[in-house]
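Please have the sequence and the structure in view as we go.

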Amino acid sequence: MKKKWTVFDVVLTLFMVFVVGITLYPFLNILAISLNDAVDTARGGIHIWPREFTLANYQEIFGSNDRLLQAFSMSILRTIVGTITGIIASTMLAYTLSRKDFVLRGLVGLLLVLTMFISGGLIPDYMLIRNLGLINEFSVYILPMLLTAFNVIVIRSFMDSLPIALEESAKIDGANDFVIFSKIIIPLCMPVIATIALFLAVAQWNSWFDTYLYARGNEALTTLQFELMKILDNANLSSTDINSQNADVIAAQTNPQSIKMAITIIATVPILLVYPFLQKYFVTGLTLGAVKS
């Protein structure tokens, strides 16, 4: 028998449709502008559908820089390596701090929290990176972002909420700390690990300032975000060049707003594709293997 809709069901459905609409509109608007003719975009009035469809904005981006494919590969590589190493380091430190018998638990936790409020600044950071020999090295993308206090605290808080009986029963069966960590704690922490993995992946993928500071001398280490930033800067410079003899042509090809929207799509879509693979861990696995009454 079909369910009869009530007034509450109708109102709730309309409300959810409204929420979905206002959530999707900014992305659809950006996509529409990126696919619209640059000169026509300057007139305004573009909403969720391009008025004069064109791929010229994307052709301008990919045609103006022959290193985008290499930069795209480097961004993928640093995202994968940085996310994996960051998860390993964060979970190991979080597990150590979650142990009640760890003597330095309070001191290490305090020092970790202090890093969230106290920073040496850009110049000391650069001097540290230089003295460590990380300039123009791939490791400059990995080591500085290996651990963050926020990620460790989030994972540790999740571990603290797990039943202590799990560890006690495993120790009775002869399991050591490594077995408990890898066979019990990690499977139960998959939801929070997936969340932190998404944070790390987004941070690594969107990062370009470290390339600008530490890796400009090695073209092999250029990243997608850094190359897109340079393209956007060139578009802004071209649009303000009043002495150009082909100002109309340049404006049509390098309208900063159109280029900016196309760059946003190029930078956003790849990381959006990662989310479906992590989504299932947000809602499952929390009580996998937990103590049964």
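Let me begin with the second largest pocket, which holds about 300 Å³ of space; a pocket here is an open set of points on a 1 Å grid over the protein atoms alone, where a 1.4 Å probe fits, with protein on both sides within 12 Å along at least five of seven lines, and lining residues have an atom within 4 Å of a point. The volume is the space filled by probe spheres set on the points, which are joined across faces, edges and corners. This is a predicted model, in which local features need pLDDT of at least 70 and side-chain atom pairs count only at pLDDT 80 or more, while totals for chains, interfaces and linings use all residues. Residues are numbered from 1 along each chain as its sequence is written, and side-chain values use heavy atoms, with hydrogens and water left out.

Fifteen residues line this second pocket, and Thr-79, Ile-80, Thr-83, Ala-201 and Val-274 lie nearest its centre. Helix α4 gives the largest share of that lining, eight residues, where helices are DSSP runs (H or I, at least four residues) and strands are runs of E, at least two, numbered from the N terminus.

Turning to the largest pocket, we find about 760 Å³ of space and a lining of 24 residues, with Asp-125, Leu-143, Pro-144, Met-145 and Leu-147 nearest the centre. Both α6 (122-131) and α11 (209-214) supply at least two residues each to that lining.
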